[in-house]
Amino acid sequence: MKDETIVDRVRAWAESEPNALAFRFLVDGDADGAVRTLSAGQLDRLARAVASQLRQAGVDRGRALLLCPPGIDYITGFYGCLY
């Protein structure tokens, strides 16, 4: 476990429990309102896609500015930057 990164942990989680709930986002900030969820497998897959797009745009190991409203897109974008 020494020298593991967040990316290592998310990838291992996605492999061992791909259907595990990773995030639950309350769209209206209310538990009775709309809810979007993201599994560990979905998080890994979407973060990899974001990372790939960033690399193709030439942002490999550079800086990126996340301009997303709160929600699932922000989460996948953030993890994509880490990947």
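Welcome to a predicted model, in which local features need pLDDT of at least 70, side-chain atom pairs count only at pLDDT 80 or more, and totals for chains, interfaces and linings use all residues. Residues are numbered from 1 along each chain as its sequence is written, and side-chain values use heavy atoms, with hydrogens and water left out. The protein chain has three helices and two strands; helices (H or I, at least four residues) and strands (E, at least two) are DSSP runs, numbered from the N terminus.

**The overall picture**

- Reading from the N terminus, the elements follow the order α-β-β-α-α.
- The C-alpha trace spans about 40 × 30 × 20 Å along its principal axes.
- Of the 83 residues in the chain, 25% are buried; buried means under 20% relative accessible area, exposed over 50%, and partly exposed in between (1.4 Å probe, protein chains only).
- Among contacts between residues at least 6 apart in sequence, 49% join residues at least 24 apart, where contact means heavy atoms within 4.5 Å.

**Helix H1 and its buried face**

- Helix H1 covers residues 6-16, and its buried residues are Val-7, Val-10 and Ala-14.
- Seen down the axis of H1, these buried residues fall within an arc of 65°, so they line one face of the helix; the arc is that of the directions from the helix axis to the C-beta atoms.
- Glu-15 and Ser-16, on the other side of H1, are exposed.
- The cover over the buried residues of H1 includes H2 and H3.

**H1 against H2**

- The axes of H1 and H2 come within 8 Å and cross at roughly 130°; axes are lines fitted to C-alpha atoms, for helices over the stretch in contact, and angles run from 0 to 180 degrees between N-to-C directions.
- H1 and H2 are therefore oblique to each other (angles under 35 degrees count as roughly parallel, over 145 as roughly antiparallel, 65 to 115 as roughly perpendicular and the rest as oblique).
- From H1, Val-10, Arg-11, Trp-13 and Ala-14 meet Ala-40, Gly-41, Leu-43, Asp-44 and Arg-48 of H2.
- By class, this contact of H1 with H2 has five nonpolar, one polar and three charged residues; Ala, Val, Leu, Ile, Met, Phe, Trp, Tyr, Cys and Pro count as nonpolar, Asp, Glu, Lys and Arg as charged, and the others, Gly among them, as polar.
- Asp-44, which lies in helix H2, is buried, with a relative accessible area of 10%.
- Not counting residues up to four places away in sequence, Asp-44 touches Arg-11, Ala-14 and Tyr-83.

**H2 against H3**

- Helix H2 (residues 40-56) packs with helix H3 (residues 72-82) at an angle of about 60°, their axes 7 Å apart.
- H2 and H3 are therefore oblique to each other.
- Leu-43, Leu-46, Ala-47, Val-50, Ala-51 and Leu-54 in H2 are in contact with Ile-75, Thr-76, Gly-77, Tyr-79, Gly-80 and Cys-81 in H3.
- The contact of H2 with H3 has nine nonpolar, three polar and no charged residues by class.

**Helix H3 and Ile-72**

- The buried residues of H3 are Ile-72, Ile-75, Thr-76, Gly-77, Tyr-79 and Gly-80.
- Covering them are elements including H1, strand S1 (21-26), strand S2 (35-39) and H2.
- Ile-72 has a relative accessible area of 4%.
- Ile-72 touches Phe-25, Arg-36, Thr-37 and Leu-38, not counting residues up to four places away in sequence.
- Ile-72 and Arg-24 are 48 residues apart in sequence and 8.6 Å apart in space, C-alpha to C-alpha.
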